[in-house]
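Here is a short tour to read with the model open beside you. Take the sections in any order you like.

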Amino acid sequence: MQKKIIKLSIILLIIFIIGVFFIGLNKNSIYDTKNLVGQKITKIELEHFSDNRIITAGDLRKNNFTLINFWASWCGPCRAEHPILLKLNEEKNLELLGVNFKDKKNNALEFLKDLGDPYDDLARDELGKHSINFGIYGIPESILINKDLVIIKKFIGPISKNDYNYIKNIVRQ
Amino acid sequence: MLSDIGNTLLIINILLGISIIYFSFQNLKSNEILISEKIYHICLFQSTFIIICFLTLITAFIVSDFSIINVYQNSHSLKPFFYKVSGTWGNHEGSLLLWVIILTIFSFLFLLYNKHHQKNYRIYSLIIQNILILGFLFFLLFNSNPFSKVLPIPKEGLGLNPILQDPALAIHPPLLYIGFVGSSIYFSAAIGSLLTNYSGKLFARSIKNWVLISWSFQTLGILAGSVWAYYELGWGGFWFWDPVENASLLPWFAMSALLHSLIVLEKRNLLYFWVIILCLLTFILSVTGTFLVRSGILNSVHTFANDPSRGIYILIFLSLMIFASVLLFFNKFKETNYNLNSNSKETFILINNWFMIFYLITVLLGTVYPIFTEVLTDHKVSVGPPFYNTVIIPIVILFLLFMSVGPQTQWIKNKFYNINLLLKILMGSILINFSIIYLFKGYSLLSNFIVISAVFLVISSLIDLYKSFNKLKKDSPRILSHLAFGFLILFIGLNYNFSLEKDFNLKLGEKKSFENYSIEFKDIRLQDFENYKAVIGEFKINNFKKNLDQSLYPEIRIYENPSTITYEASIRSGILKDYYITMSNIDRSDYYNIKFQKKPFMIWIWISVIFISLGGFLRLYQNAKKNY
């Protein structure tokens with residue numbers, strides 16, 4: 001009897017593991033960011049850069065459009081897109097949320113001091129863990145969302161002139 | 001044309017596989033004592049045809065036949081000859097063909113070299129192996145066909161991913177495959193042995209060389225991959241607990257356990273069912289690893305091919321394999337009582353096995369845990385080095401101590417050779433550890449224990465080696481591998497504690513100083529190469545203390561086909577340490593991001609691993625000599 005139970009549990013364990021693998025196969029992989037467009041972000045919890053508070057989904061619902069920009073002072077291409085971000089900051093319908101990614105606080109502050117601060121709000125993700133929830137795998141990356149927190153577009157790499165025009169057209173509509 | 005030849009050959013191979021199974025069953029029914037010549041011939045044909053099939057694919061790569069989609073996607077007419085050839089297995093389809101080749105050749109050689117073993121056992125092993133071959137051939141033909149055509153025929157190929165254009169990576173897949181695909185043969189043999197109730201001792205004798213072959217090659221294959229990641233991916237270390245690396249390590253643990261318990265089975269006819277479990281487990285883990293890497297279920301830095309349909313095929317195949325073997329095992333399993341003396345060699349080998357299984361489970365859990373949390377809780381996690389380091393490192397200390405003491409024990413008897421000697425060695429190791437700290441610098445308590453236990457293993461192996469030269473004990477392959485393992489852990493420990501890593505931005509002409517070093521950005525230039533352009537920096541490293549003056553030349557390479565940028569580390573390997581620099585450009589600024597590392601004893605880590613596997617080859621040579 002005891003032996004049978006052992007055998008049965010081994011088989012059940014194997015079935016369970018293989019079952020999980022099967023389901024896992026059919027799941028969308030996190031790094032496949034193609035499918036992110038059109039999806040709604042349900043949970044946002046980001047540590048504010050300087051204040052002792054958490055930026056949540058509720059904060060972003062107040063804005064008509066939000067561009068979440070992931071950046072770091074050590075990232076070269078982030079420098080390249082910075083002037084465009086500064087220009088985007090002039091758009092009325094758009095708020096910029098910067099997420100400082102795996103960075104040192106002082107370096108980040110120096111970076112903003114040197115190049116200007118385009119962000120309406122700034123969060124930090126020192127360990128890069130929260131950014132994973134946004135499907136970020138390298139920076140710079142930016143996500144444009146609307147009032148309902150639906151992702152309109154995701155920009156991988158530095159924001160270009162074309163991207164700038166695209167964003168401008170959308171937020172001015 | 002080549003595509004048709006390739007496909008025809010694949011189909012011929014399927015037919016040959018089926019006929020081998022058919023004739024094998026015929027042979028089982030007949031009263032003949034020997035395996036019929038016909039089967040040998042078909043097996044020979046099977047191996048020949050699959051090799052020709054592979055040569056066909058290589059030819060397609062060499063002549064750049066872009067009508068084959070696989071060549072189109074992974075080659076380019078301007079690519080150097082060497083990488084045209086290695087491109088053949090640098091992709092999913094081609095490497096699967098390599099799988100089948102190894103399955104087939106091992107099948108033939110196993111049949112050939114086990115002539116003095118019982119007929120039924122050999123026939124059943126052959127049948128099982130051919131079922132595996134067929135499974136993979138179908139997969140190859142219908143899901144991952146390396147000979148699929150593309151229309152209209154492209155004029156030029158897309159090129160091989162530049163990071164795969166590397167000598168270490170060209171030999172990495174073949175070495176690794178001989179290792180873990182080679183383990184298929186003792187999977188088949190284990191099932192053959194269960195089906196025929198074959199004698200444990202004889203079974204051990206028939207598979208031991210195959211285990212040695214696969215273990216030695218697996219060790220080298222892991223090494224080649226690791227060396228490649230060190231200088232090509234710019235990761236700057238020897239191991240990263242990346243899922244793909246783990247996938248190659250899992251079967252290695254099972255093989256190492258098997259390698260040791262086989263000795264017990266052969267000498268004492270004990271642990272038969274345990275050995276069977278390990279044989280089955282090794283190949284199952286190999287296929288599991290392939291599944292994890294190829295299906296895209298795991299995200300790894302270099303999961304180079306993923307496609308869910310592949311995953312489903314491999315998973316179904318894997319499930320069938322697991323269920324068939326588990327059910328058969330349950331059916332045949334008989335409980336046996338082992339009465340082992342607590343200080344006998346058998347016990348110590350079992351202890352080794354439990355350690356190996358512990359490592360295996362730890363690494364397996366760490367590797368698949370993210371899949372489980374994602375499926376069950378929709379939570380994404382990644383398991384990184386901190387987990388492995390915390391769980392594995394403390395246990396390594398115990399493992400090394402047992403590894404030093406184990407070989408000093410005797411079969412059956414409850415007695416050590418010499419406890420006094422062991423205590424002296426331990427004192428010596430502690431002394432060496434403290435002199436390292438005294439001469440250089442201190443490190444954590446845990447590192448102390450690691451160094452002490454590694455030195456302990458090194459010294460006791462060296463004493464064994466001395467005895468072995470005096471013909472007191474003839475066991476040099478074992479001693480070599482153990483000695484090298486001791487050195488490996490020692491060098492890893494020292495490497496970990498004495499590394500220096502700095503990350504900073506520099507522009508041309510600037511100088512950065514820290515500790516005893518200064519790094520000067522001397523020059524930058526653009527140079528054209530056969531299949532890429534490179535921005536090459538010149539950095540002068542100065543060590544004030546030692547009057548060292550060296551230049552390193554990291555590169556940023558711009559490849560045309562496919563257009564990709566790669567960052568090449570510049571590494572100055574020395575006997576005592578490696579200097580390592582990578583640079584990346586910061587857009588719209590004159591600054592470059594520089595990563596500088598000093599890595600002590602890197603080269604010795606690689607050499608230790610080579611010697612570990614050399615021990616395996618040496619034993620193989622000894623075994624071969626004994627038989628003739």
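Glu501(B) stands opposite Gln597(B) in strand 10 of chain B. The two strands concerned, strand 1 of chain B and strand 10 (residues 591-600) of chain B, run antiparallel and are joined by 8 bridges. Strands here (E, at least two residues) and helices (H or I, at least four residues) are DSSP runs, numbered from the N terminus, and two strands count as paired if DSSP finds at least two bridges between them.

This pair belongs to an open sheet of 4 strands in chain B, in the order 1-10-9-8 and with antiparallel pairing. Its edges are strand 1 (500-507) and strand 8 (570-573) of chain B, each of which pairs on one side only. On average, and with direction ignored, neighbouring strands of this sheet are turned by 15° against each other; the axes behind that angle are lines fitted to C-alpha atoms, for helices over the stretch in contact, and angles run from 0 to 180 degrees between N-to-C directions.

## About the model

This is a predicted model, in which local features need pLDDT of at least 70 and side-chain atom pairs count only at pLDDT 80 or more, while totals for chains, interfaces and linings use all residues. Residues are numbered from 1 along each chain as its sequence is written, and chains are lettered from A and ligands numbered from 1 in the order in which they are written.

Is strand 3 (residues 65-71) of chain A buried or exposed? Because 7 of its 7 residues are buried, strand 3 of chain A is largely enclosed by the rest of the structure. A residue is called buried if 20 or more other C-beta atoms lie within 10 Å of its own, exposed if 12 or fewer do, and partly exposed in between, with C-beta atoms placed from the backbone. Phe65(A), Leu67(A), Asn69(A) and Trp71(A) point one way from the strand, and Thr66(A), Ile68(A) and Phe70(A) point the other way.

Strand 3 of chain A pairs with strand 4 of chain A in the parallel sense over 7 bridges, and 6 bridges join strand 3 to strand 6 of chain A, which run antiparallel. Phe65(A) takes part in both pairings: its bridge partner in strand 4 is Leu94(A), and in strand 6 it is Asn146(A).

## Around strand 5 of chain A

Moving along, strand 4 (residues 94-101) of chain A runs parallel to strand 5 of chain A, joined by 5 bridges. Together with helix 4 (residues 105-115) of chain A, these strands make a right-handed β-α-β unit; right-handed means that, with the strands pointing away from the viewer, the path from the first strand over the helix to the second runs clockwise.

Strand 5 (residues 121-125) of chain A also pairs with strand 1 (residues 45-48) of chain A, in the antiparallel sense over 2 bridges. Which residues stand opposite Arg124(A)? Glu47(A) is one of them, and Asn100(A) is another.

## Two helices of chain B

Helix 9 (residues 200-231) of chain B has 32 residues and reaches 45 Å from its first C-alpha to its last, close to the 46 Å expected at 1.5 Å a residue. The expected span is 1.5 Å times one less than the number of residues. Helix 9 has a kink of about 40°, centred on Ile207(B), where the bend is the angle between axes fitted to the seven residues ending at a residue and the seven starting there. Helix 9 is mostly covered, with 28 of its 32 residues buried.

Helix 2 (residues 37-62) of chain B has 26 residues and spans 37 Å from first C-alpha to last, close to the expected 38 Å. Its buried residues, among them Ile39(B), Cys53(B) and Phe61(B), pack against helix 1 (2-29), helix 3 (69-74), helix 4 (81-86) and helix 5 (92-113) of chain B. Contact means that two C-beta atoms, placed from the backbone, lie within 7 Å. Ser64(B), which follows helix 2 of chain B, has a positive phi near 50°.

## Two loops with positive phi

Leu149(A) is not a glycine, yet its phi is positive at about 65°. Leu149(A) sits in the loop between strand 6 (141-146) and strand 7 (151-156) of chain A, and is partly exposed, with 16 other C-beta atoms within 10 Å.

Glu515(B), also a residue other than glycine, has a positive phi near 40°. Glu515(B) is in the loop between strand 2 (511-514) and strand 3 (517-528) of chain B, and counts as exposed because 11 other C-beta atoms lie within 10 Å.
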